[in-house]
Amino acid sequence: MAEIKLKAQQSDVSAYPQKTATEQAMTPKIKDHPALPGLENPMVEIENLDFYYGGKKALNNISMIIPRHKVTAFIGPSGCGKSTLLRCLNRMNDLVESARMEGTIRIGGVDMHTMSEDVSVLRKRVGMVFQKFNPFPKTIFENVAYGPRIHGLKGKAKLDEIVENSLKSVALWDEVKDRLHESALALSGGQQQRLCIARAIAVEPEVLLMDEPCSALDPLSTGKIEELAVGLKEKYTIVIVTHNMQQAARIADFTGFMLLGDLVEFGLTDRMFTKPGKKETEDYITGRFG
Amino acid sequence: MRTTLKKVWRRGDVFIWLSGAGLSLSLIMTAGLLFSIFTNAAKFFWPNAVAAFSVEEGRNLLGQITGEEAIPDPENPKAPPKYRIQLNQGNRDIYGVDFLWLGREAIQSSHYPEGAVVLERREWGNFYGFIREVRDQGKIIASGPEKGLAAVHELLPASHAIFDRINRIAKKDIGAINHYLEDNRLELKALAAEGITSGKKVTGLEAENEQLQKQYQELEAALSRLRKTGTAEVLLETADGQNKILPLTMIVRAYAPNTFGFLDKVGFFFAKIWEFIWDEPRESNTEGGVFPAIFGTVMMVLIMSFLATPLGVLAAFYLREYAKQGPMVSAVRIAVNNLAGVPSIVFGVFGVGFFIYFIGGSIDQFFFSEALPTPTFGTGGILWASLTMALLTVPVVIVSTEEGLASVPKGIREASLALGATKFETTWRVVIPAVMPSILTGLILAMARAAGEVAPLMITGVVKLAPSLPLDGIWPFIHLERKFMHLGFHIYDVGFQSPNVDAARPMVFTTTLLLIVIVLLLNFSAILLRNRLRKKLAVSGV
């Protein structure tokens, strides 16, 4: 059912980046999706996405639109597929041997499979921050400069500038500017996670995926990361997976509730938490299960 | 009662005692071994007094006491034991044997004569006796023990210089000429095989040969002139009144230990250690130094490291990072682990069969055919020994690199991939630096193993006495086909292959100590490097 028009989309490549996805680009199916609020400016379009780990189906016909310059949260109980969905967006699931994806995902209007044979182009546009902060065992400077270097940037002055700007955007610059050339592993957990965000935005992605970025942090650091997520949405489109419903309520503009591989409900966060459209959503939000 | 026992058992005290006992036992055994090696080795360098004994039948003996033991008496086990001492009386050329056992009862009197001297000679071992006269060109320069020794000390540097020059000409200069002559001979032979027996090349080589011959004759003349300059002699008397004339060029060192103060003894001790480390062996390895063996050991270990480390690291990367994990890879992994347990002599046999006969033989056929049937690479040499050792130690490197790779956090690989790095970039920029300390750990273990291994080396290129080092001033400077000396084999050789066991025994301990020190030094430098890397990477902070 989801042998999606991979080939048909290829002609779009030449049009990128002038072309922004519009309502016309969307299939009627998405347009008619009942859970979609005003999505005149989509960043990511997911269309009939199925995902399998070997024979096990992990995502079931997901279609949704993630709006540009907003924070979108995926919530749901453990094993509902929210992390899998997130990892589909930068094809991190490719690392899992038996994984298989069917369906279409468009980033900025371009089918991700047609961007390039090499996933690195996609991953440059879609950055990621992980659950467990994972700075490289290198210096703070080298951590942030790693991405730009990989993408071929040379020259000390330019790198210095990128490192400074990235660290400033995560409000870490003042804390570490005197020890840029010391090991990143000497930082506290919250600082390390902010460093990881700085590292991700140093390559100037369009979308920033955050996979439960606060689950290993104390409340104070969590607050800082949340503030950051809200602040960063001016420049980036943020997709965050969280266990924590309050966190979604605090920072997300849009929220998707997932259950057993289905996207049960997707909509404006305020509406989702006040007037959920589905019984399952209400049960989860009110803590009756999960 | 039973409940108390059970309580003790449950508290785990027994386990703590047992584990503590296990640790102490291992430590005591290691420390004991090291202590015994160390004391025995140190004793060898320390100048013993020279004792004079009068024994039955009016015999007089002179020498250094090297040991004492109880004489076993199986008939009367309860009787008080009788003792005998071991005496190094030297003078092998006069008495035939230098070590003898002397029953305590047989000794009628003993003292330490002031004038007794020890002469370390280039041949025939030590001489013990008294200096009567020192002569030069037939004239008496000094007489009596004290003045004689002073004169010997005065003349010795000059005769050492003469000896060194003779040695340098005979070994190095004439050796180089022989080397070039041999090269030319082979080149001419190769040309002849191609049918070229005249022409510019041939005449050039022949002219060069003539030149070399002329140089050779000049050197020979210089040698015979030099040999005539060393005319100083010393007239000696043994304890039992025999006279002996020794040319000074045959003497390495002369000293009277009975006149030594403590500082003299310490000075002598360090001089002996210096000689041991930097000199060439004498007297079929029982005297002198072990420098060629140190050099051979270190060079072999270094070549082995350069071969084994890249190979092992690459193999480990493929196994852990690229191969599809499954029964096949597990089987390979088990095989690699077991390879580390294969008896080392098996590797040696493989080295002989594959490296020396097959590869070396082929190299000889293709590149050194003019020298055949004399093998160049088709015989044992430092390259083949190092390759065999590399094969032996590569499993160690593989295992520790693999362990290192397994412990690189998945998170940092994902982080790198998520930034758009390819798998290779991730490996190159993140994984290799993080796994470097583990690679070095593997290298340390490999080096320790290679430095201590003897069996495979014995058949792949180690010899008792190598005429030249595998690294010298003759082009191409590194001679990988040459045979070499190795400390481990040296221990075996002096300990078990020496005709004069008593004279060789101290060398076993000193060489062992030296080998341990070298292994420690190699390891220590690798550990320092690893710690610096660790600090730089701060992997320990993860």
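How many helices and strands are there in chain A? I looked this up and found 13 helices and ten strands in chain A; helices (H or I, at least four residues) and strands (E, at least two) are DSSP runs, numbered from the N terminus.

I noted that this is a predicted model, where local features need pLDDT of at least 70, side-chain atom pairs count only at pLDDT 80 or more, and totals for chains, interfaces and linings use all residues. Residues are numbered from 1 along each chain as its sequence is written, while chains are lettered from A and ligands numbered from 1 in the order in which they are written.

I checked burial next. Of the 290 residues in chain A, 48% are buried (20 or more other C-beta atoms within 10 Å of a residue's own, with C-beta atoms placed from the backbone).

I then turned to contacts (C-beta atoms, placed from the backbone, within 7 Å). Among the contacts in chain A with a separation of 6 or more, 71% join residues 24 or more positions apart.

Between the chains, I found 22 residues of chain A in contact with 18 residues of chain B. On the chain A side, α5 (119–125), β6 (126–129), α6 (140–150) and α9 (189–201) each supply at least two residues. By class, that side has eleven nonpolar, seven polar and four charged residues (Ala, Val, Leu, Ile, Met, Phe, Trp, Tyr, Cys and Pro count as nonpolar, Asp, Glu, Lys and Arg as charged, and the others, Gly among them, as polar).

How values were computed:
Contact = placed C-beta atoms within 7 Å. Buried ≥ 20, exposed ≤ 12 C-beta atoms within 10 Å, placed from the backbone.
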